[in-house]
Amino acid sequence: QVPLVESGGGSAQPGDSLRLSCTASAPTFFVGWFHQAPGKEREFVAGIRWSDGYTLYADSVKGRFTISRDYTKNTVFLQMRSLKPEDTAVYYCAAGKRYSGMPSDFESWGQGTQVTVSS
């Protein structure tokens, strides 16, 4: 397993932007972001394949969120724009060995960071 550390959560108003960061101790095949709202299951948000930067997005965030990586820092970013109240959740990054949005395909998880969107 690869230790992961997230940062960048916080409070925002609808329409605002936030950027989350996920730093891994070593490069991994695929890094994904998930979110989990109270009383709901953990859902895939976006993912990126480390080798070539190929990305995968949930339909709910396409056009609003962008995932990217920084080789030099072993860090993956999730740029969130046009935030909506329904984006409110704990956001987790995870590392896996498959190009997948299924939580069961991820082996390492960060501790999570809270994102709250309200007016």
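Is Trp 50 buried or exposed? Trp 50 is buried in this predicted model, because its relative accessible area is 9%, under the 20% cut-off for burial. This briefing covers the nonpolar cores, the aromatic pairs and the charges placed over rings.

**Nonpolar cores**
- The largest nonpolar core has 28 residues, of which Trp 33, Val 45, Phe 65, Leu 78, Met 80 and Tyr 91 touch the most other members.
- At least two residues of this core come from each of several strands, including E3 (18-24), E4 (30-36), E5 (43-49) and E9 (89-96).
- Beyond its neighbours within four places in sequence, Val 45 is in contact with residues including Trp 33, Leu 56, Phe 65, Leu 78 and Tyr 91.
- Another core of five residues lies apart from the largest one, and Phe 30, Phe 34, Phe 44 and Phe 106 are among its members.

**Aromatic pairs and cluster**
- The whole structure contains eight aromatic pairs.
- Phe 30 and Phe 106 form a tilted pair, because their ring centres are 6.0 Å apart and their planes meet at 45 degrees.
- This pair ties together parts 76 residues apart in sequence, since Phe 30 lies in strand E4 and Phe 106 in strand E10.
- Both Phe 30 and Phe 106 are buried.
- Trp 50 and Tyr 71 pair edge-to-face, at 5.7 Å between centres and 90 degrees between planes.
- Tyr 71 counts as partly exposed, at 46% relative accessibility.
- One aromatic cluster is formed by Phe 30, Phe 34, Phe 44, Tyr 54, Tyr 99, Phe 106 and Trp 109.

**Charges over rings**
- The charged end of Arg 42 sits over the ring of Tyr 92, 3.7 Å from the ring centre.
- Arg 49 places its charged end over the ring of Tyr 99, 5.1 Å from the centre.

Conventions. Residues numbered from 1 in each chain as written. Predicted model: local features only at pLDDT ≥ 70, side-chain atom pairs only at ≥ 80, totals over all residues. Heavy atoms only, no water. Core = buried A, V, L, I, M, F, W, Y, C linked by side-chain atoms within 4.5 Å. Buried < 20%, exposed > 50% of the residue type's maximum accessible area, 1.4 Å probe, protein only. Helix = DSSP H or I, 4+ residues; strand = E, 2+ residues; numbered from the N terminus. Contact = heavy atoms within 4.5 Å. Phe/Tyr/Trp six-rings, centres within 6.5 Å; stacked < 30°, edge-to-face > 60°. Lys NZ or Arg CZ within 6 Å of the ring centre and 35° of its normal.
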